[in-house]
Amino acid sequence: MNLIYHTQIPAKLILFGEWGVLKGYPALGVALEKFFECRLEESSKEGLQIESPECIFHWLKEEEKAPEFLVNTQKALNYIFQKPLHKLNKKKLILKRNWKLSEGLGSSSALFLALLSIDQTLFKNKPLFSKNDLYAFKKQLIDFQKGGSGFDLLIQACGGFLKTTLNEIDREKIELPEELLLIHTGHKMKTNEALKNREPNERILSEIGKSTENFIKHRNWEVCIHEHYELLKMLGVVPDFVSSLKDEWSEKGWITCLKTTGAGGGDTLMLWTKPKHQETLLKDIKQKGYWIESAKPTSQSAFHLDF
């Protein structure tokens, strides 16, 4: 089949500033060298064929409901294209990713950004994108999700290390130190569920913002991880099993501190380790059924940017 469009969206992690970013306080994130791949191809069949790692759906009539794993894809297509069966008739949409959904690396925002990329490139003829364009995309994602900060999308659109505040985004030059370990636990929490019925304490969010600003200035990973853990715990978003892990590994002298990332479900943890104990810690991580994030930061962005 003839390829019409192809894009790769990097995975992302919010390192510092989660929750505070919802109220406009600064946050820091990084794009990782794992990718959500989207291909749009010509097809001889009527309607839109959608293929994902979980299932296949041949969408012929607007009122047809997609299978469970593609419900969000169908909603995003309707939101972005308005009449996707008209614009994408006789097309095949192929979606792939090389990370597990349980890792919390931005599958939903990557999908949304990939579909925006198709719409902007093929139907709006946009070759370059400005910061204002990205802010508009962020607002669209927030509207679509009925909440959140849209920061995931900005990280994936820009690549590299990205700092954001309410009205600005800036790239940062940062290297991940050897003491830092990123691990996945498989405990997945959906961000939109985490946001329901929760009105975070403004003072705590302000302190999270200050901690993030201090990190940008001084690059003290250990201090910022410790501060964030305590603040997020006060906010009530640190799961009990994460607190137990921190106590266990700290008492054994393997780490000095850790923190959750993103919404705080515990799917990905940042550990500040003692390098001489890393081998022992890694064995324990594996024994617990967790795994290490080995992907490196990537500067690859989803769009051609003019800033």
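## The end of α8

Gly236 follows α8, and its phi is positive, near 85°. The model is predicted.

## Helix α8

α8 spans residues 221-235. The helix has 15 residues. From first C-alpha to last, α8 reaches 21 Å, close to the 21 Å expected at 1.5 Å a residue.

At the start of the helix, Asn220 makes a polar contact. A side-chain oxygen of Asn220 comes to within 3.4 Å of the backbone nitrogen of Glu222.

## The buried side of α8

Which residues of α8 are buried? They are Trp221, Cys224, Ile225, His228, Tyr229, Leu231, Leu232 and Leu235. An α-helix has 3.6 residues a turn, so residues three or four places apart point the same way.

Most residues other than glycine have a negative phi. Two residues here depart from that pattern.

Arg219 has a positive phi, near 60°. Arg219 sits in the loop between α7 (202-218) and α8. Is Arg219 buried or partly exposed? Its relative accessibility is 29%, so Arg219 counts as partly exposed.

Trp19 also has a positive phi, near 75°. The loop that holds Trp19 runs between β1 (3-16) and β2 (27-42). Trp19 has 6% relative accessibility and therefore counts as buried; the cut-off for buried is under 20%.

Key:
Residues numbered from 1 in each chain as written. Predicted model: local features only at pLDDT ≥ 70, side-chain atom pairs only at ≥ 80, totals over all residues. Heavy atoms only, no water. Helix = DSSP H or I, 4+ residues; strand = E, 2+ residues; numbered from the N terminus. Buried < 20%, exposed > 50% of the residue type's maximum accessible area, 1.4 Å probe, protein only. Expected span 1.5 Å × (residues − 1). Polar contact = N/O pair within 3.5 Å; in protein donor to acceptor, adjacent residues only side chain to side chain.
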